[in-house]
Each structure stands twice: as C-alpha cells, then as structure tokens.
Amino acid sequence: MTENEAPSRAERAITGIENALATLAALALGAMLLVMVAEVVMRYILSAPLGWTVGFVQDYLMVAVFFLGLSYSYRTGAHVTIDFVYRRQGPRGRLAMALIGDVLSFALFALVFAAGVATTAHAWTLGEIPAPGGGALSWPVWTSHVFVPLGCGVLLLRLAATIAAHRSGPARADLEAGT
Amino acid sequence: MLVASVIVLLFVLLLIRIPVGFAIGITGAVGLWGYGGLPFLTGMLEAASHGPVASYTLSAIPLFVLMAQFVLKSGITDDLFDAARAWVGSVPGGLGVATAGAGALFAAISGSSTAAAATLATTSTDEMKKAGYDMRMASGMVAVVGTLAAMIPPSIILVFYAVLAEQSVGKILVAGFLPGAFVTVALIATQMLLIWRNPALAPRGERHSWAAKLRTLVAAAPVLALFALVTGTVYFGLATPTEAAALGGLGGLLFMVFRKRATRERLRSAALETVNSTVMILMIIFGAYIFGYFLTVTRVTPALVDTVAGLPVPPMAIFALIALMYLVLGFFMDQMAILALTVPVVLPVVEALGLDPIWFGVMVVLIAEIGLVTPPLGLNVFVVARAARQPVEQVFRGAAPFAVAILVVVVLFAAFPDLVLWLPNSMTGD
Amino acid sequence: TPAPVEPGEDGRYTIVLGDSYPVGHPISEHGAEYFMERAEKLSGGRITFEYYPSEQMGAADELIDFTGAGVVDMASVAPAYVPAKLPMSGVADLPGMVSSSCEGALATEALMSEGGVLFEEEFQRYGVRPLVIGLIPSYELMTGSTEVTAPDQAQGMQLRSSGGTIDGVVTSLGASPVSMPAPEMYEAISRGTVDGTVLAPLSALPYRLDEAARHSTLGANLGSFTNTYSISEDVWDGLPADLRDALGTAGRDTTRHLCAALDEENTASRKSLAEGGMVFHRLTGTQRERWAEVTGPAQRQWAEHVESIGRPGSDALDSMHDELERVRDDRE
Ligand code: NA
Ligand code: NA
C-alpha cells in the first residue's frame with residue numbers, strides 16, 4: 001500500500017459511516033413527523049395523548065438529526081459560507097483559507113467532542129434516569145448525550161482527512177469549492 | 001478590548017469562508033477562553049452539552065422544511081405558481097406579490113420566522129427564477145417575508161417577550177396582527193417600487209381569461225387546502241403550532257403519494273436535503289449560543305443600556321438609540337438570547353420614559369427580526385441563500401431595501417404608537 | 001476541576017449568581033435579591049455578587065451543570081426541571097404534601113442540609129449545596145371552559161403538565177398529561193387544544209392564564225414547586241469559615257423571608273387572576289377530602305417509582321412527613 005492510497009481508503013470508510021449516520025438522521029426526521037402526528041391523533045381522536053412526545057422529540061430526535069447529520073452535511077457542503085473573498089483568491093490563497101478553516105473547526109469540535117464524552121460518562125456513572133410514572137420516558141440520560149461524541153467524532157475524522165488531503169495538494173480545495 | 005477584538009475575529013473568519021455556524025462558534029469559544037480561561041470554556045461546553053439544539057420548539061424548523069421538500073417533490077408547487085401567475089401575473093412583479101401574500105399566510109401558521117423563510121425559499125425561489133425574476137431581489141424578499149411569522153400569531157418570540165416583560169400574552173399577540181399587515185403591505189410596495197424603477201427586475205406576465213384562471217385554481221386547490229388545513233388545526237385547537245408543522249409534513253407526503261411521486265429515491269432525497277438544511281440552521285443556532293454566552297458574561301449590554309438611559313435627550317431619541325442597539329445585537333445574536341439579555345435591563349428604562357410596554361415589545365421583535373436579514377449574522381439570509389443557491393452577499397443586498405421598508409414601518413409606529421396599540425386596547429378586560 | 005473563587009486585590013469575593021426567573025419574579029425579588037443583600041451585609045461587604053437572571057447563564061434545566069462545572073458559582077436549581085438528576089428532591093412538590101410555602105420550605109431545608117437525605121443522596125453528587133429554599137405552594141386545576149369542583153369531573157381531560165410529579169397528579173385524576181413548552185400553554189388552552197393545566201396562581205399570572213382559562217379550583221392542593229439557590233461546593237470550600245457562616249445565615253434568613261413572600265404573592269396572584277375573569281371555586285371540607293382521597297395514593301406511588309430506579313424514595317417520603325410534623329409542632 002502506498003502512502004497516497006491510505007488516505008483515500010480511510011476517507012471511503014469515513015464516507016460510509018457518514019452516509020449510514022445520515023440515513024439514521026433522516027429516519028429520526030421521519031420519526032419526528034410520525035410521533036407528532038400520532039400525538040395529535042391520540043389526543044384528539046382517542047383522548048389518550050402519548051405524553052412523552054415533547055421529551056422524545058427534544059432529547060432524542062432533534063439531537064439525532066443534528067449530530068448524526070453533522071459530518072454528512074459538512075462533506076456535502078450544506079453549510080452556508082461567505083464566498084466573495086475566496087472566489088478572488090488563487091489556488092494558494094484558497095488552500096490557505098480552507099486549511100485555516102478546517103484546523104479551527106477541528107479545534108472547536110475537539111472541545112465539543114471532549115465535552116460530550118464527559119457529559120455522557122457523567123450521566124452513565126451517576127446512573128441518571130428519570131423515575132417512571134411521569135409522562136416522560138424513563139430512559140438513561142446518557143443515551144441522549146451519546147449523540148454528541150458520536151456525531152462530533154465522525155466530523156473530527158472527516159476534518160482530519162480533509163486536512164491531510166489539503167496537505168497533499170491544492171487541487172482539493174478547488175474540487176470542494178465546486179461541489 | 002476583548003469584545004471588540006472578538007467581533008473583528010468573527011468578521012475575519014466569515015470572510016475566509018469558514019461556514020457561518022462554525023465561524024460563530026469558534027469566535028464565541030475564543031472569546032470565552034479569553035474571558036475565563038480554558039477550564040471556563042470547557043465547563044461551559046460540558047454544561048451546555050446538546051442543550052442549544054435539544055429543543056422541542058426548534059423542531060418546527062425541520063418539520064416545515066420537510067413539508068416544503070415533500071410539496072416541492074410532489075410537483076404541486078408548479079400548479080400553485082401557475083395559479084399565482086394566472087391571477088396576478090399581468091401585474092409587474094405579480095409573482096413576488098403572490099409570494100409575499102403566501103408568506104403572510106404561512107406566517108399565520110409558523111411560529112418561527114426561520115422555518116417560514118426556509119419553507120418559502122425552498123418552494124418559491126426556483127419558480128421565480130424560472131419566471132425570469134432578478135434573483136437578488138427575489139431571494140432578498142423571501143428572506144424578509146419570513147420575518148412576518150414572528151408578527152402574525154402564533155409567535156413564539158412575542159409570547160417569550162410577554163413573559164419576560166410580565167405583559168398580557170393575549171394583548172401582545174393581538175398587537176402583532178396590524179404590524180404584520182403593515183409589514184406585508186410595505187414589502188409589496190417596496191417590490192413594486194423597485195420594479196417601477198427598473199422593470200428588468202421582473203417579467204410582465206400575460207393576461208389570462210377567467211376560464212384559465214379558474215382552471216389553475218382547481219389545480220392549485222390541494223396546496224391551498226393544505227395551508228388551510230394546517231392553519232385550521234391550530235386555530236380550532238386540534239394541534240399546537242409545533243404539531244401543525246408535523247401535520248403539514250404529513251400532508252406534503254400524501255401529495256407525493258397521490259401524485260405517484262413517492263418513490264424511494266425521492267423520499268430519501270427529500271429527507272436528506274431536510275437533514276442538511278436543518279443541520280445548517282441548527283449549527284448557526286449552536287454557534288450563536290456559544291457567542292451569545294460570551295456576550296452575556298462580558299456584560300457589555302447592561303453597560304450600554306445604562307449609558308444610553310443616562311443621556312440628556314428626549315424619550316424618543318433614547319428609544320432610537322435603544323432600537324439601534326437592538327439592530328446591532330441582531331447582527332450577532334439569536335433573538336431569544338437578545339430578549340433574555342436585554343428586556344430585564346431595557347424595560348424599566350422604557351417604562352420610565354413613559355413608553356408602553358406592549359408597543360415596545362412589538363417594536364423590539366420587529367427590530368430583532370430585521371437583524372435576521374442584516375449582515376454579518378442574518379440567519380434568514382443564510383437559509384435562503386442555501387435553498388436558492390445564491391451567494392450570501394447577493395441575498396443580503398437583495399434584502400436591504402426590504403429591511404429598510406420594515407425600518408420605515410418601525411419609524412411610523414414610533415411616530416404613531418396608537419397604530420400598534422388600538423387593537424390590543426380595544427380588547428375586553430382592562 | 002473548576003477553580004474556587006479567588007478574592008480580589010481588595011480581599012473581596014465576587015460570586016456569580018445565575019437563575020432562570022425573570023427580574024421581578026417573586027423568587028428573584030424575594031429570593032436572589034434578598035439573599036445577595038443579606039450576604040453582602042452579613043459579610044461586611046466582603047462578598048459581592050454578579051447577578052444574571054432570566055436564564056442568561058443557562059437554561060433552567062442546565063444551571064445545576066453550569067454550577068457544577070464552575071461556570072457560575074451559584075444558581076437556581078429546581079428538582080422539577082432536573083428529574084433525572086434530583087428525582088427525590090421534589091418530594092415536597094407532591095400533591096397534598098404541604099399546606100403553605102413556609103411549612104414546606106422549612107421541612108425541605110432540613111432535608112437539604114448536611115446530613116439530610118436529599119443533600120447526602122442528591123445535591124452532594126452534583127457538587128452543589130442548597131443555601132436558599134423556596135416553595136411555590138397550592139397548585140390548582142385551571143380549566144378553559146369546564147367548571148371542576150370534584151376530581152371525577154377532571155376524568156378524561158387533557159391537561160398541560162410541566163412533567164414529573166405533576167404528570168403523576170394528572171394521571172391520578174384519570175386525566176392525561178400533555179407536555180408542551182410553557183409559551184404554547186396560553187394559546188393551547190384558549191383554543192381548546194388542551195382542557196386546562198395544573199399550576200399555582202403565582203405561576204399562571206405571568207402567562208395571563210385568566211385570559212385563557214375561565215375556571216380554577218381553590219384548595220385542591222395539587223402540588224408545589226420547589227426551587228433552591230445552590231452554591232458550588234468548590235466555591236463553598238474555598239471560602240474562609242466566617243464567610244461561609246455569613247452565607248449560611250443569609251440563606252436561612254432568605255428562606256424564611258421568601259416563604260412568607262411566596263405565600264403572600266400566591267394569594268395576590270390569585271386575586272389578580274380573579275380580577276382578570278378567572279373564577280376560583282373554593283372547595284368545601286368534604287370536597288377537599290375527595291381530592292385528597294384521589295391524590296393521596298399518588299405519594300406512595302411516587303415513592304415506589306423512585307425506588308424502582310434504585311433510589312431511597314420511601315426514605316425521602318417518610319423523612320419529609322417527619323420533618324413536616326416537626327415544623328408544624330414548632331410553629332404552634
Ligand atoms: Na406566526
Ligand atoms: Na443580522
């Protein structure tokens with residue numbers, strides 16, 4: 001295996017993980033729709049509201065859509081950028097800008113990742129769980145927090161791969177700008 | 001000064017093409033680090049955890065975007081815009097007028113202006129492009145029209161203000177109606193003015209016969225029915241505004257099914273595009289949370305308010321300065337955070353000046369909404385730019401005349417506060 | 001680990017205090033502000049505060065973490081907002097438990113002090129120490145259009161609930177708890193999306209529920225809301241002993257001042273709501289008994305549910321009853 005092939009193979013693996021997580025995020029979105037429609041139907045027609053929808057949507061589905069879709073959205077260029085300075089740069093300038101952005105983003109999400117690991121571990125070790133009997137789901141709290149390190153972890157891999165690719169040549173930045 | 005250098009850093013990061021949400025988050029983190037050191041920053045990130053996005057209220061954003069995607073992929077928007085063209089197409093900018101009207105209608109169901117902007121942008125900008133509109137103007141208007149959602153009830157932000165300011169929720173919601181109507185008219189007038197000055201901005205459609213008009217109406221009926229259904233479920237108490245978003249999504253899905261467009265591929269693409277839009281918006285909210293936290297701990301806002309309140313000038317001049325402050329805060333912060341940060345400090349000042357708190361709430365929300373379409377941090381503009389595939393700076397420029405129009409409405413209401421107040425004051429009670 | 005508060009050059013300690021209540025809310029005015037004034041005075045000016053109200057420093061359910069992480073030094077911590085972290089500390093919130101704010105706050109204060117079951121089992125695990133306790137008492141059933149004076153009239157209703165113990169109350173009435181964000185409550189009741197809610201008059205007033213709900217019980221005693229102002233243990237341990245004493249005394253003074261104020265404000269809020277058109281139906285002795293029969297089992301059931309997640313719920317419940325008895329005896 002040569003050095004040039006290694007990143008591309010790793011990248012393909014990352015892409016695979018991203019796609020899988022994005023599919024889960026899409027399913028969470030569908031679940032959000034269904035659960036809320038079900039709540040209306042149960043409440044209005046059957047007078048038996050589910051009662052756990054708010055907590056479920058907020059602590060699980062919203063969190064899943066965001067964190068599971070995070071790296072996928074980054075790769076597919078979903079995040080809005082302000083381009084007019086970038087467009088006036090040559091390849092070297094573009095490369096430099098992309099590199100700074102990726103490194104700073106890596107730093108931010110490394111901190112968020114670490115924070116996510118800490119809160120998940122904290123909730124796990126303290127055995128945090130709402131008591132049953134309320135309307136809310138009595139699920140361990142860490143199952144909601146774990147989406148943070150999961151989503152940020154994959155984004156960190158993606159950013160690392162992108163930074164590594166930048167270093168191997170400026171063509172990359174232009175390729176990205178086009179997508 | 002820390003705050004000033006952090007704001008400069010934000011501009012630099014945005015200009016070197018770091019994605020907006022990332023740039024705001026990085027800047028806020030740098031600021032918190034500078035303010036309280038690394039343990040302070042990491043402690044804050046741990047305590048906040050996924051809190052900024054783990055919000056039930058925010059779920060209206062993905063649900064309305066999903067509805068828009070379904071409606072779009074069902075192909076039914078073509079019919080809707082055919083109808084709009086047939087009915088108002090012969091008026092220059094008619095389609096834009098129709099979009100503003102649809103925006104006002106949509107505002108009636110959506111409690112969140114960003115959700116409204118995302119929905120309108122997804123469904124209408126392509127049509128306006130096809131029809132030959134100037135995209136800068138069209139996308140700018142769509143970004144601004146979204147802000148109507150905050151004025152026309154239900155409005156999450158107005159209720160939030162009412163509770164912070166200890167005002168009647170009912171009154172403040174009613175107080176939003178008329179300003180909402182004024183803003184709608186102002187936006188339409190601005191567009192017509194722009195087109196009158198430069199007719200190339202919008203195509204002039206053809207006149208259609210009444211038979212043709214009615215035919216298009218039949219074709220467009222399902223979408224209008226969906227709007228009516230979603231609005232109706234809220235007004236008749238079947239569903240909360242957030243749940244209405246889900247019902248709208250279901251309606252959109254049914255369109256795809258009935259029109260035999262609900263292929264696996266289309267559903268998948270609708271869902272993934274919604275995930276992308278949602279993550280983009282939530283990332284900005286996530287970043288703005290970190291940045292807002294930094295602004296809060298530095299206490300610049302209360303200091304600013306105290307300075308302004310102490311100036312020896314007439315009440316309306318102080319209000320103008322406060323309004324200016326809101327406009328500037330709107331450049332950087334999320335609206336809810338702005339209200340939580342400022343209302344407790346500003347309201348006593350405002351009341352001491354003899355200004356009405358209900359009136360002030362409407363004005364503040366209106367001004368904070370302008371912040372959603374002004375650079376550098378204009379959430380609605382980012383949303384529309386993404387959906388319409390337009391450069392951000394173009395949409396900012398396109399939105400500018402409309403933002404000015406809202407500002408004119410603000411000045412009008414400042415001159416004639418009764419325009420805002422007569423409706424709530426005519427309510428029964430006190 | 002977060003750094004303890006360091007004294008400034010002038011030897012003063014500055015404590016960052018955050019809470020989730022809007023300025024002017026009775027808990028803010030008679031709790032946080034009274035406490036700060038008291039502590040500054042008792043410490044001879046050696047303790048000063050930076051106060052951030054209205055969730056500026058974190059959401060109601062996150063402030064306990066912000067305090068534990070050392071981002072703020074002291075904050076409002078309410079068990080109802082963090083049921084997974086403090087499942088037992090809301091024991092005073094149970095229906096039929098306390099008859100006034102003062103009684104409830106004093107009993108809770110004992111359980112949340114060192115050696116008390118709630119401090120040892122819960123607050124300590126999160127590195128925070130309650131100094132001020134405040135209870136909003138007397139939750140009532142407020143309904144949009146149907147008059148309710150007997151519990152069976154609430155059967156089958158859909159009631160907006162803030163979750164936790166209130167969910168249990170609603171369920172014990174044979175009604176269904178509906179969760180929705182507080183800002184949506186007003187419109188949901190006025191449009192009939194839900195039939196009503198279970199809330200204290202004091203908490204209903206900021207949302208002007210008198211404009212949305214026509215009827216309310218008076219004397220159903222369906223629950224309370226416990227709030228604390230808790231200081232980070234790291235900050236506490238880093239303070240000189242005399243300043244800890246000053247803070248402790250200021251806290252106890254505030255608890256007593258606050259409970260009287262909350263009882264008064266709750267009554268005043270009820271009057272404002274009544275002036276706004278909400279009709280309060282005062283329950284007779286026999287009517288009250290019927291409510292107590294329905295909500296009584298809710299207390300034991302709560303203890304069982306808490307036991308099921310491995311926490312000493314029965315212990316907490318029994319201690320609470322003992323403390324309440326002690327407080328009632330003391331006050332006679
Ligand atoms: Na609205
Ligand atoms: Na802005």
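# Chat notes on a predicted three-chain model

Analyst: B:Ser124 sits in helix 6 of chain B, residues 113-130. Keep in mind that this is a predicted model.

User: OK, start there. Is B:Ser124 buried or exposed?

Analyst: B:Ser124 is buried, because its relative accessible area is 1% and the cut-off for buried is under 20%.

User: What does the side chain of B:Ser124 reach?

Analyst: The backbone oxygen of B:Leu120, at 2.6 Å.

User: And which residues is B:Ser124 in contact with, beyond its sequence neighbours?

Analyst: Leaving out anything within four places in sequence, B:Ser124 contacts B:Phe81, B:Thr99 and B:Val142.

User: Switching to chain A. How many helices and strands are there?

Analyst: Seven helices and zero strands. Along the sequence, chain A reads α-α-α-α-α-α-α.

User: What share of chain A is buried?

Analyst: Buried residues are 48% of the 179 in chain A.

User: And the accessible surface of chain A, how much of that belongs to carbon and sulfur?

Analyst: 67% of about 7900 Å².

User: What about contacts in chain A between residues 24 or more positions apart?

Analyst: They account for 72% of the chain A contacts with a separation of 6 or more.

User: Now the contact between chain A and chain B. How many residues does each chain put in?

Analyst: Chain A gives 56 residues and chain B gives 57. The area buried between the two chains is about 5200 Å². Carbon and sulfur atoms give 77% of that area.

User: How many salt bridges between chain A and chain B?

Analyst: Three. One pairs the side chains of A:Arg43 and B:Glu243, at 2.8 Å from N to O.

User: And residue pairs in polar contact across that interface?

Analyst: Twelve, with both residues at pLDDT 80 or more.

User: Which elements of chain A give two or more residues to the side that touches chain B?

Analyst: Helix 1 (5-44), helix 2 (53-75), helix 3 (84-87), helix 4 (91-125), helix 5 (142-145) and helix 6 (147-167). Helix 2 of chain A has the largest share, 14 residues.

User: How does that side of chain A split by class?

Analyst: The side of chain A that touches chain B has 38 nonpolar, 13 polar and five charged residues.

User: Next, chain C against chain B. How many residues are in contact?

Analyst: 29 residues of chain C contact 36 residues of chain B. Together the two chains bury about 2800 Å², with 59% of it on carbon and sulfur atoms.

User: Which three residues of chain C supply more of that area than any other three?

Analyst: C:Gln56, C:Glu184 and C:Arg191. They supply 21% of the area that chain C buries against chain B.

User: Which elements of chain C supply at least two residues to the side that touches chain B?

Analyst: Strand 2 (47-52), helix 2 (63-68) and helix 6 (182-190) of chain C. Helix 6 of chain C gives the most, with four residues.

User: And by class?

Analyst: The side of chain C that touches chain B divides into 15 nonpolar, six polar and eight charged residues.

User: Where is B:Gln167?

Analyst: In the loop between helix 9 (156-165) and helix 10 (169-197) of chain B. B:Gln167 is buried, at 16% relative accessible area.

User: What does B:Gln167 touch, not counting residues up to four places away?

Analyst: B:Ala162, B:Glu351, B:Pro357 and B:Ile358, plus C:Pro206 and C:Arg208.

User: Backbone now. Which phi does B:Arg389 have?

Analyst: A positive one, about 50°, although B:Arg389 is not a glycine. B:Arg389 lies in the loop between helix 18 (379-388) and helix 19 (392-415) of chain B.

User: Is B:Arg389 buried or exposed?

Analyst: Exposed, because its relative accessibility is 58% and the cut-off for exposed is over 50%.

User: And C:Ser54, what is its phi?

Analyst: Positive, about 55°, and C:Ser54 is not a glycine. C:Ser54 is in the loop between strand 2 and helix 2 of chain C.

User: Buried or exposed for C:Ser54?

Analyst: C:Ser54 is buried, with a relative accessible area of 6%.

Notes. Residues numbered from 1 in each chain as written. Chains lettered and ligands numbered in written order. Predicted model: local features only at pLDDT ≥ 70, side-chain atom pairs only at ≥ 80, totals over all residues. Heavy atoms only, no water. Buried < 20%, exposed > 50% of the residue type's maximum accessible area, 1.4 Å probe, protein only. Contact = heavy atoms within 4.5 Å. Areas by Shrake-Rupley, 256 points an atom, 1.4 Å probe, with all protein chains shown as cover. Buried area = accessible area lost by both parts, 1.4 Å probe. Salt bridge = Lys/Arg side-chain N within 4 Å of Asp/Glu carboxyl O. Polar contact = N/O pair within 3.5 Å; in protein donor to acceptor, adjacent residues only side chain to side chain. Nonpolar A, V, L, I, M, F, W, Y, C, P; charged D, E, K, R; others polar.
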